[in-house]
Amino acid sequence: MKEINVRTNSRTEMIDITSLVQAAVEERKVKSGICVIFTPHTTAAVTINENADPDVPIDIISALERAFPQTANYRHAEGNSPAHAKSSLVGASELVLIEDGRIVLGVWQSIFFCEFDGPRSRKIFLSIISGD
Amino acid sequence: MKEINVRTNSRTEMIDITSLVQAAVEERKVKSGICVIFTPHTTAAVTINENADPDVPIDIISALERAFPQTANYRHAEGNSPAHAKSSLVGASELVLIEDGRIVLGVWQSIFFCEFDGPRSRKIFLSIISGD
Amino acid sequence: MKEINVRTNSRTEMIDITSLVQAAVEERKVKSGICVIFTPHTTAAVTINENADPDVPIDIISALERAFPQTANYRHAEGNSPAHAKSSLVGASELVLIEDGRIVLGVWQSIFFCEFDGPRSRKIFLSIISGD
């Protein structure tokens, strides 16, 4: 298991971590298998989407904001209930396939750490399971 | 593969199953790897979130209720279409990492079985893949 | 890793790929483990839900449409931002357990490829990790 530290800078933000994941996989010299990207936080998430146009992550963030508005009524006193909901919906982990020692992503795919209640210091755990 | 039975008590409910997953992992004596938590139902799901404040799961449930309202128009005659949508969005499975024979979770993370169309008798399947 | 090609026929569509996944697993003759179903696209996804009543996938699509409306304001110029958001929420991958050489699904569960910005030619990658 490898731990990666990420510093987020706004309340809501998607940070491209593809090269960090790729470097960790290459370092391990696993030919094929899967890599699990897991975040141990309940107001953050991991997702895969497009980063070629930086407006895509911005639009995803605003689409989530509309679907889970900050202004709705919530019971949890910390005021970050929408962040918890987004975390459960986007999900605490992603997995990618490994082939020939590299992660397999589509042309437009990047791996993102999603901050929903920042800015904070965050962690990501990577685990590689070799296949055959 | 290990099967766990869960009895749900309301239409919508999040049940903390962390200790059940932890016990199953310890029983298997796998040092490191991943544990997959899978539910074989189409109106239920598995997620990871906070349980320290019981208002967090309550708020997640109400946020989902607002985003996928029971009162919208649906074609499926059983009246549980929002439950099917929530199941696909939250997801039928989660995976957690295993290190030193224990599941790795953040301080605030618990694993929840999500009931969206209860009360019912439900099942959860656990599968452990050892890594290195 | 096995590659499956799928042709979608509408802008938004859920295509049942259960038998394709089952055939790929049987072909590999893995007794137990997990099968990862991953799509390399940023406006598509993979999910598990009911297909016994074809109205269920139709209702899931319309529930997603309401939660992430095409008519909201977005910055990304291609006009498919809701498709990107749905892709991140439903998720680029699913995993299913393998027991006795077959995938383990609940009575009502099917595996679906989700098209959110079609019609297009799409790909799905399958990876099988054997467990014990």
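The structure is a predicted model, in which local features need pLDDT of at least 70, side-chain atom pairs count only at pLDDT 80 or more, and totals for chains, interfaces and linings use all residues. Residues are numbered from 1 along each chain as its sequence is written, chains are lettered from A and ligands numbered from 1 in the order in which they are written, and side-chain values use heavy atoms, with hydrogens and water left out.

**How the copies are related**

- Two copies of a chain are related by a rotation about an axis and a shift along it.

**The interface of chains A and B**

- In chain A, 30 residues are in contact with 32 residues of chain B (contact means heavy atoms within 4.5 Å).
- Chains A and B bury about 2500 Å² between them, with 61% of it on carbon and sulfur atoms (buried area is the accessible area, taken with a 1.4 Å probe, that two parts lose on being put together, summed over both).
- On the chain A side, Phe38(A), Arg75(A) and Ser88(A) lose the most area to chain B, together 22% of what that side buries.
- Only 17% of the interface residues of chain A are also interface residues in chain B, so the copies meet through different surfaces.

**Helix 2 of chain A and helix 3 of chain C**

- The axes of helix 2 (residues 55-67) of chain A and helix 3 of chain C come within 9 Å and cross at roughly 75 degrees (helices are DSSP runs of H or I, at least four residues, numbered from the N terminus; axes are lines fitted to C-alpha atoms over the stretch in contact, and angles run from 0 to 180 degrees between N-to-C directions).
- That makes the helix of chain A roughly perpendicular to the helix of chain C (65 to 115 degrees counts as roughly perpendicular).
- Val56(A), Asp59(A), Ile60(A), Ala63(A) and Leu64(A) meet Ser81(C), His84(C), Ala85(C), Ser88(C) and Leu89(C).

**Tyr74(C)**

- Tyr74(C) lies in the loop between helix 2 (55-67) and helix 3 (81-90) of chain C.
- Beyond its neighbours within four places in sequence, Tyr74(C) is in contact with residues including Asp59(A), Ala63(A) and Arg66(A).

Notes
Helix = DSSP H or I, 4+ residues; strand = E, 2+ residues; numbered from the N terminus. Parallel < 35°, antiparallel > 145°, perpendicular 65-115°, else oblique.
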